[in-house]
Amino acid sequence: MSVEEQLTSPVSRAPVGDITVITVDHPPVNALSVIVRRGLFAAVSAADKDKSCRGIVIQCAGRMFIAGADIREFGKPPEAPSLPDLINRIEGCSKPVIAAIHGTALGGGFELALACHYRIALASAAVGLPEVNLGLLPGATGTQRLPRLVGAEKALDIMLTGKPLTASDALAIGAIDRIVQEDLPGEAVLYAKSTAGEPLRRVCELPVAAVAPQFFVEMRKSIAGKTRGLLSPGKIIDCVEYATKLDFAAGCEAERNAFLQCMASPQSEGLRHAFFAEKAATKVLGISAERAPKRMQKIAIIGAGTMGAGIAYNCLASGLDVTLLDNRRESLARGGETVTALADEGRKRGKLTEQQRTDLESRFSMSSAVDDIAAADLVIEAVFENMAVKKSVFEQLDGVVRPGALLASNTSTLSIDEIAAATKRPEDVIGLHFFSPAHLMRLLEIVRGKQTSDDAILTATSFAKRLGKVGVVVGNCFGFVGNRMLYSYGRESQLLLLGGAEPQMIDRALTDFGMAMGPNAVGDLAGLDVGYNARQERPDPPDDPRYYRIADMLVERGRFGRKTSKGTYLYAKGSNCPVADPEVTELIRAEAKRLGVPQRNIEASEIVERCIYALVVEGARILEDGIVNRAGDIDVVWINGYGFPRYRGGPMHYADVTGLQQVLSRVREFENQFGSMYWKPPALLVELAESGRRFSDVQVEKV
């Protein structure tokens with residue numbers, strides 16, 4: 001390192017007696033960017049040459065140990081030293097090197113710790129290798145070192161789930177060597193002194209415990225259904241198998257090749273896009289990050305149905321005080337039972353301790369009297385999806401709830417501006433669109449009306465974070481982002497039915513593409529009557545007798561889906577497995593004939609293109625209308641709320657990767673074949689395609 005680099009380096013070293021303490025201070029998460037790698041390489045090399053030094057401690061300032069590689073450098077020309085080179089330098093040190101871990105040590109940070117001769121951690125620390133979540137594998141010798149410490153089976157579990165281990169769990173399997181309750185720096189120095197002069201334990205020299213002959217074959221079978229075509233899990237298994245069969249150097253070379261294959265894959269590109277898009281979605285353009293949100297502690301939920309009870313439990317599990325309100329006592333009782341059942345489930349699954357469950361109950365109350373929520377900080381309405389009903393509720397809330405409180409609607413489609421107009425405080429009215437089941441689904445659409453204040457938006461994004469959700473701020477229109485696009489997606493599915501594609505063909509084509517479920521199975525799961533009722537509220541339905549015609553006919557025949565054992569599919573008693581119904585096939589055929597829609601054989605590729613490009617077209621219109629800040633926000637909505645395959649990055653990223661010229665060409669073909677009502681190319685798509693730009697280049701300053 002040059003003198004200038006030493007002066008500006010985020011890595012420092014200082015003697016503590018005969019132990020050299022090396023400190024990484026690279027906010028916010030001590031990522032292993034090139035400047036950190038250079039600093040560490042130089043500091044370790046200098047300490048190794050220092051005759052007065054008998055041991056080395058590597059620690060970090062701030063709230064965590066090294067969080068991992070700097071993924072912003074992925075895809076850029078590599079700069080020396082590489083992370084594997086740094087790791088090999090640390091392990092090759094002639095003096096004991098101790099990793100002092102606090103907070104989290106993830107990915108490359110944990111790989112670096114594995115290269116140290118010993119690992120000591122605070123009891124509150126966590127370690128892990130989450131690269132699989134980015135379509136990658138540990139590419140800095142982690143797949144070769146971890147099996148040598150903990151065995152192939154435990155190593156694979158850590159890498160394939162991507163979930164961090166607590167310090168106590170890591171100690172139990174041998175991934176770390178010691179836990180301390182406090183004074184990590186002091187204890188790490190003492191640990192280094194105690195190991196000085198002892199033979200060095202280099203992980204690369206340890207053998208890998210033998211595994212059963214069929215172990216890796218069975219592992220591949222066991223993950224096939226879960227990973228659904230993802231590249232990196234299989235590569236992780238390959239690399240751990242190499243660790244059991246090859247010497248360390250050969251295993252590391254094989255790991256590096258596999259890592260580069262994963263990093264170059266569209267899957268990893270999509271997963272990394274999703275990662276950054278979720279981070280970007282938390283930053284609302286046009287609102288200063290220095291502003292403080294309003295205090296939120298007392299939450300009132302109006303409506304004790306499945307959604308209201310789920311929202312109530314989500315808030316309670318996040319430490320908030322909740323009052324569940326419903327004017328029907330039987331509904332209130334059922335809502336209370338649902339909250340209790342969810343708490344019991346949380347306790348059984350280890351999400352709640354017995355004390356936390358008791359505390360949760362103490363913060364939960366139910367009432368039929370609206371006056372009991374007058375002091376609430378936030379009221380969330382979760383009643384029937386009907387504008388007249390919702391306006392009546394908000395008019396009543398306006399006269400009861402204290403000034404300054406936020407009034408939120410859980411509407412999935414209706415106008416927040418119209419709802420806000422029922423109050424004298426439209427600046428405090430906002431949409432909070434939860435997804436079912438509310439306590440599990442990560443997405444929360446935060447809907448901004450024309451008069452919604454910045455304070456309300458800022459407070460809502462803070463509230464989403466507290467609930468552990470991905471909050472995406474969207475503008476006000478029918479269906480907002482998710483459901484507005486869902487109508488286009490579902491429309492094409494319905495038209496494909498009339499055109500000759502069987503329900504199971506449509507669902508299979510889209511699940512093969514990567515969707516969590518096909519549209520027909522989703523409709524049966526959600527309840528076909530739910531969509532039917534929402535369509536009745538739509539202010540501007542298309543003038544098209546084919547529009548959702550099959551879904552409407554099924555509902556009008558009492559076929560609501562799973563809850564009636566009949567929907568698009570049949571369901572045997574006690575089973576959620578969809579079975580094709582000849583009666584539905586005949587109904588579709590007869591209706592297509594009545595409407596004059598010719599039926600034909602439709603290829604899976606056309607099914608996918610029509611449904612996915614329908615999303616892209618509507619997403620482009622949403623960007624044109626200024627409903628979101630950026631295309632990535634649309635991707636976040638569809639990944640987290642609608643089962644779009646994360647490894648494809650969301651519909652707008654998928655279009656960018658496919659190439660907007662190619663997408664536009666296909667959209668124009670559909671326009672020629674099916675007409676302009678649905679397939680007229682948006683001006684934004686045309687402009688971007690013709691200029692060689694991408695959806696990711698578009699940014700709206702304020703929704």
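**Exercise 1. Which residue of β16 does Phe434 stand opposite?**

The structure is a predicted model, in which local features need pLDDT of at least 70, side-chain atom pairs count only at pLDDT 80 or more, and totals for chains, interfaces and linings use all residues. Residues are numbered from 1 along each chain as its sequence is written, and side-chain values use heavy atoms, with hydrogens and water left out.

Solution. Begin with the elements: helices (H or I, at least four residues) and strands (E, at least two) are DSSP runs that are numbered from the N terminus. Next, take the pairing rule, by which two strands pair if DSSP finds at least two bridges between them. Strand β15 (residues 429-434) and strand β16 (residues 443-448) are joined by 4 bridges in the antiparallel sense. Across this pairing, Phe434 faces Leu444 in β16.

**Exercise 2. Is Ser409 buried or exposed, and which side chain does its own side chain meet in a polar contact?**

Solution. Locate the residue first: Ser409 is found in strand β14 (residues 406-409). Buried means under 20% relative accessible area, exposed over 50%, and partly exposed in between (1.4 Å probe, protein chains only). Ser409 has 0% relative accessibility and therefore counts as buried.

For the second part, a polar contact is a pair of N or O atoms within 3.5 Å; within protein, one must be able to donate a hydrogen and the other to accept it, and residues adjacent in sequence count only if both atoms are side-chain atoms. The side chain of Ser409 makes such a contact with the side chain of Glu381 at 2.5 Å, and it also reaches the backbone nitrogen of Thr411 at 3.1 Å. If neighbours within four places in sequence are left aside, the residues in contact with Ser409 include Lys390, Phe394, Ile430 and His433.

**Exercise 3. Work out which way the side chains of β4 point, and whether they are buried or exposed.**

Solution. In a regular strand the side chains alternate between the two faces of the sheet. In β4 (residues 97-101), Val97, Ala99 and Ile101 point one way, while Ile98 and Ala100 point the other way, and all are buried. The strand is accordingly described as mostly covered, with 5 of its 5 residues buried. Strand β3 (residues 55-60) runs parallel to β4 and is joined to it by 3 bridges, and in this pairing Val57 stands opposite Ile98.

**Exercise 4. Classify the ring pairs Phe513 with Phe644 and Phe670 with Trp679.**

Solution. Rings of Phe, Tyr and Trp (its six-membered ring) pair if their centres lie within 6.5 Å, and planes under 30 degrees apart count as stacked, over 60 as edge-to-face and the rest as tilted. The count by this rule comes to 13 aromatic pairs. For Phe513 and Phe644, the centres are 5.8 Å apart and the planes stand at 75 degrees, an edge-to-face pair. Phe513 lies in helix α20 (residues 503-513) and Phe644 in the loop between α26 (631-641) and α27 (651-658), so the pair ties together parts that are 131 residues apart in sequence. Both Phe513 and Phe644 are buried.

The rings of Phe670 and Trp679 have centres 4.9 Å apart and planes at 50 degrees, so this pair is tilted. Phe670 and Trp679 are both buried as well.

Terms used
Contact means heavy atoms within 4.5 Å.
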